[in-house]
Amino acid sequence: GNFELVLRVTEAAGVMHRIFLKETEKVIASDSLLELFQIPKEFWPRLRKSWATQPHSIAGRFDFVVDYNNNLKTFEYNADSASTLLECGRIQNKYAKSIGIDEGSRSSGFRIESLLKAAWKQTGIPKGSRVHFCVDDDDEEQYTALYVMEKAREAGLDCKLCVMFDEFTFKGTDGTIVDKDGIEVKNVWKTWMWESGFADYHKARAERGENWTPSASDKVRLTDILLSAKDDINVFEPMWKVVP
């Protein structure tokens, strides 16, 4: 039945996640494998640091193919993605109720909300600390962020939605970034892919020059947050998720 399929998919996702983690460890430990993944060498130390210091993450998404006999095949692992969380965790239930098929059944994503809350607790971020939810000017990214924020708040964290980068300014010349409340950026949840951060890093260097140092009048951009000069901002999902 459908519930049996849900259990099989859940089990398969757990098995595949462990396999991907094992292979990610091999890639991160090997210069030759990292070159095959075309990850720029200047980011290898940060990548390895994230693997060593950020074991906890919030979410990722497996895409499975299911045939008519309920056989499963992994299509891809979007390890650095939070898309479909709201759809699976809440909208499916609302849709089922709206068409009258909710009685005696439940959505396959019935555990997502409790797991999201638990994931935030496992990050080790102290209660009351602020997490900046950084998103593009896009409706889907914003409603996904608001959903994940809800669970972070339930885990005791202070959360702020930040659309693009007007919220942020530099404080001093060492790369410290603060929001409009004067709170330093230390923990970030983002919807941008890490590849976008890498690309913006090189674009910023070309535009700013080699000897650029930040000032309060400079605009904060994506690379300044994801690849901060001080390398002291916890980003979710962590950089190592660019590998799987």
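A salt bridge is a side-chain nitrogen of Lys or Arg within 4 Å of a carboxyl oxygen of Asp or Glu. The legends below concern a predicted model.

**Figure 1. Salt bridge between D179 and R130 in the predicted model.** The side chains of D179 and R130 meet at an N to O distance of 2.8 Å. D179 belongs to the loop between β6 (177–178) and β7 (187–190), whereas R130 is part of strand β3 (residues 130–135); the two are 49 residues apart. Both partners count as buried because their relative accessibility, 3% for D179 and 15% for R130, is under 20%.

**Figure 2. Salt bridge between K230 and E184.** The closest N and O atoms of this pair are 3.5 Å apart. K230 lies in the loop between α8 (222–226) and β8 (234–236), and E184 in the loop between β6 and β7, so the contact ties together parts that are 46 residues apart in sequence. K230 is partly exposed, at a relative accessible area of 33%, and E184 is likewise partly exposed, at 30%.

**Figure 3. Salt bridge between R48 and D31.** An N to O distance of 2.7 Å separates the two side chains. R48 sits in helix α3 (residues 44–53) and D31 in helix α2 (residues 31–36), 17 residues apart. Both residues are partly exposed, R48 at 29% relative accessibility and D31 with a relative accessible area of 42%. In total, the structure holds 27 salt bridges.

Conventions: Residues are numbered from 1 along each chain as its sequence is written. This is a predicted model: local features need pLDDT of at least 70, side-chain atom pairs count only at pLDDT 80 or more; totals for chains, interfaces and linings use all residues. Side-chain values use heavy atoms; hydrogens and water are left out. Helices (H or I, at least four residues) and strands (E, at least two) are DSSP runs, numbered from the N terminus. Buried means under 20% relative accessible area, exposed over 50%, partly exposed in between (1.4 Å probe, protein chains only).
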